[in-house]
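Hi,

Here is the model I promised to pass on.

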Amino acid sequence: MKTIKSKDNSTYKSAVKLTKKKYRDETGMYLLEGIKPLEDAIAMGIEVKTIFVSEGVSVPDNFPEELCMMLEKKLFANLSDTDTSQGVVAVVRKDLCSFEAFAEAASEGAGNVVILDRLQDPGNIGTIIRTAEAAGYKGIITISGTADVYSPKVVRAAAGSLFRMNVIGAVNAEDAAQMVSKMGKKLTVTCLENAENCFEADLTEDIALVIGNEGRGVSERLMELSDIRVSIPMAGSIESLNAAVAAGILMYQSQKKNYER
């Protein structure tokens, strides 16, 4: 296995750039850290360009040896985004999705999708993507202003679900509403006024569930364009829930009737 000892190595320098969103957008590549996530990516047929292994770490047998490069620990640290790294970071290609492929996937089963409206917290975004898969949702649409779903923290929080969920990103509110309409989905938002209790609303199928910004909630434009408005009942003086928690409640509520059948 080739060992990289210089920070000026071209392959290494290109990988370090991928810690920045600008270069992830330009190249269509991102960093994937951890043994299990990389095993999942390989199993899913995701294109892997390079696998960087920290010195002293054993390479699993199912990693393509020709893609592996050993890095000195101080160099590896510039690629790692975790405090207790497993010593493996790979450069992989984004699995970009066309609208046609997204719509086809969203026609299966209950056909529900999630819209992330300017969410900023990577942990929330990754958790919502992971929960969406678990709840049987078919895709993710991100509104412009949402943090990059391919940032290291989001990728880690999504725990492999990012490989299996179709994602269309960086669209505005009007474009998202048009996409939803073309797919025959009902734009569903959460709000406190003029809203139906989420436990009474029919969210079973063909909804596009909007999860709003952590501090400002759903945008006014998406609120105006919505087909369904729901609220989550809360006791005491609580006015709002964490975005990922609220998303989890609503996504599983939308599946309730399916599990009752």
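This is a predicted model: local features need pLDDT of at least 70, side-chain atom pairs count only at pLDDT 80 or more; totals for chains, interfaces and linings use all residues.

Residues are numbered from 1 along each chain as its sequence is written, and side-chain values use heavy atoms, with hydrogens and water left out.

The sheet

Helices (H or I, at least four residues) and strands (E, at least two) are DSSP runs, numbered from the N terminus. Two strands count as paired if DSSP finds at least two bridges between them. On that basis there is an open sheet of seven strands with parallel pairing, in the order β8-β7-β6-β11-β9-β12-β10. β8 (166-171) and β10 (196-197) are at the edges with a single partner strand each, so one side of each has no neighbour in the sheet.

Strands β6 (residues 113-117) and β7 (residues 139-143) run parallel and are joined by three bridges; Leu-116 stands opposite Thr-142 in β7. Five of the five residues of β7 are buried (under 20% relative accessible area; exposed means over 50%, partly exposed in between, with a 1.4 Å probe and protein chains only), so β7 is largely enclosed by the rest of the structure. Gly-139, Ile-141 and Ile-143 are on one side of β7, with Ile-140 and Thr-142 on the other.

Helices across the sheet

Contact here means heavy atoms within 4.5 Å. Axes are lines fitted to C-alpha atoms, for helices over the stretch in contact, and angles run from 0 to 180 degrees between N-to-C directions. Helix α6 (residues 122-134) lies across β6, β7 and β11 (207-212), at about 170° to β6. Asn-124 is in helix α6 and is buried, at 7% relative accessible area. Leaving aside neighbours within four places in sequence, Asn-124 is in contact with Leu-119, Glu-214, Asn-242, Ala-243 and Ala-244. Helix α11 (residues 243-254) lies across β6, β9 (186-190), β11 and β12 (228-231), at about 165° to β11.

Another strand pair

β2 (residues 29-33) also has five of its five residues buried, so β2 is largely enclosed by the rest of the structure. Five bridges join β2 to β5, and the two run antiparallel. Leu-32 stands opposite Ala-90 in β5.

Salt bridges

With a salt bridge taken as a side-chain nitrogen of Lys or Arg within 4 Å of a carboxyl oxygen of Asp or Glu, the whole structure has 13. Among them:

- Asp-40 with Lys-36, closest N and O atoms 2.8 Å apart. They are four residues apart in helix α3 (residues 35-43), separated by about one helical turn. Asp-40 is buried at 16% relative accessible area, whereas Lys-36 is partly exposed at 49%.
- Lys-185 with Asp-206, closest N and O atoms 2.8 Å apart. This pair links distant parts of the chain, 21 residues apart: Lys-185 is in the loop between α9 (173-182) and β9, and Asp-206 in the loop between β10 and β11. Lys-185 is buried at 7%, while Asp-206 is partly exposed at 27%.
- Glu-224 with Arg-221, closest N and O atoms 2.9 Å apart. Both lie in helix α10 (residues 220-225), three residues apart.

Finally, Lys-21, Asp-25 and Lys-94 are linked in a network of salt bridges.

Best wishes
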